[in-house]
Amino acid sequence: AAPAAAPAAAPAAAPAAAPAPAPAAGGAPEPFKVSGSYQTDVTDLLGRMKAATAFKKGDAGMKEVVEDARSAMNTFIAYYRRNNKVAGAASFSTLYTAISTLSGHFQNYGSEYPVPEKRKKRLGQQYAEIEKAVTRGR
């Protein structure tokens, strides 16, 4: 019975550890702070958004990670929306759409309702587009 319990615990622990690297370090996610470097801030925000998107129903810590991501999204948009150099960038446009989608989901369904697979798939595509555009400096 012990060997069966160990493999069952490992897969359950892996998804929880992968989407939320920030809480693992100190128990609670570090608050998002705008650094002024667009590429750094996008990378940090995307990590938080991916963590919030990855949860499944009943996963522990979901509410805290989602609330952290929502706060980070609001802070990011409040800062960069006024920046004309960034606001016209392709990555910002796609990121704004992804933020709107994710924020709208949690606004309507609450912090403890996971993102449905169809929406998760679309967000995953948007995250990949954003990462590609940011690495190209767009």
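Reader: Is the crossing of α3 and α6 left-handed or right-handed?

Author: This is a predicted model. In it, α3 packs against helix α6 (residues 90-109) with the axes 12 Å apart. The crossing of this pair, α3 and α6, is left-handed.

Reader: Are α3 and α6 roughly parallel or roughly antiparallel to each other?

Author: Their packing angle is about 30 degrees. Angles under 35 degrees count as roughly parallel. Therefore α3 and α6 are roughly parallel.

Reader: Is α3 roughly parallel or roughly antiparallel to α4?

Author: Helix α3 (residues 38-54) and helix α4 (residues 62-80) have axes that come within 9 Å. These axes cross at roughly 150 degrees. Angles over 145 degrees count as roughly antiparallel. That crossing therefore makes α3, relative to α4, roughly antiparallel.

Reader: How many charged residues are in the contact of α3 with α4?

Author: The crossing of α3 and α4 is left-handed. On the α3 side, Asp-41, Arg-48 and Met-49 are among the contact residues. On the α4 side they include Val-65, Asp-68 and Phe-76. The contact of α3 with α4 has 13 nonpolar residues and no polar ones, and its charged residues number three.

Key:
Residues are numbered from 1 along each chain as its sequence is written. This is a predicted model: local features need pLDDT of at least 70, side-chain atom pairs count only at pLDDT 80 or more; totals for chains, interfaces and linings use all residues. Side-chain values use heavy atoms; hydrogens and water are left out. Axes are lines fitted to C-alpha atoms, for helices over the stretch in contact, and angles run from 0 to 180 degrees between N-to-C directions. Helices (H or I, at least four residues) and strands (E, at least two) are DSSP runs, numbered from the N terminus. Angles under 35 degrees count as roughly parallel, over 145 as roughly antiparallel, 65 to 115 as roughly perpendicular and the rest as oblique. A crossing is left-handed if the near helix is turned anticlockwise from the far one by less than a right angle, and right-handed if clockwise. Contact means heavy atoms within 4.5 Å. Ala, Val, Leu, Ile, Met, Phe, Trp, Tyr, Cys and Pro count as nonpolar, Asp, Glu, Lys and Arg as charged, and the others, Gly among them, as polar.
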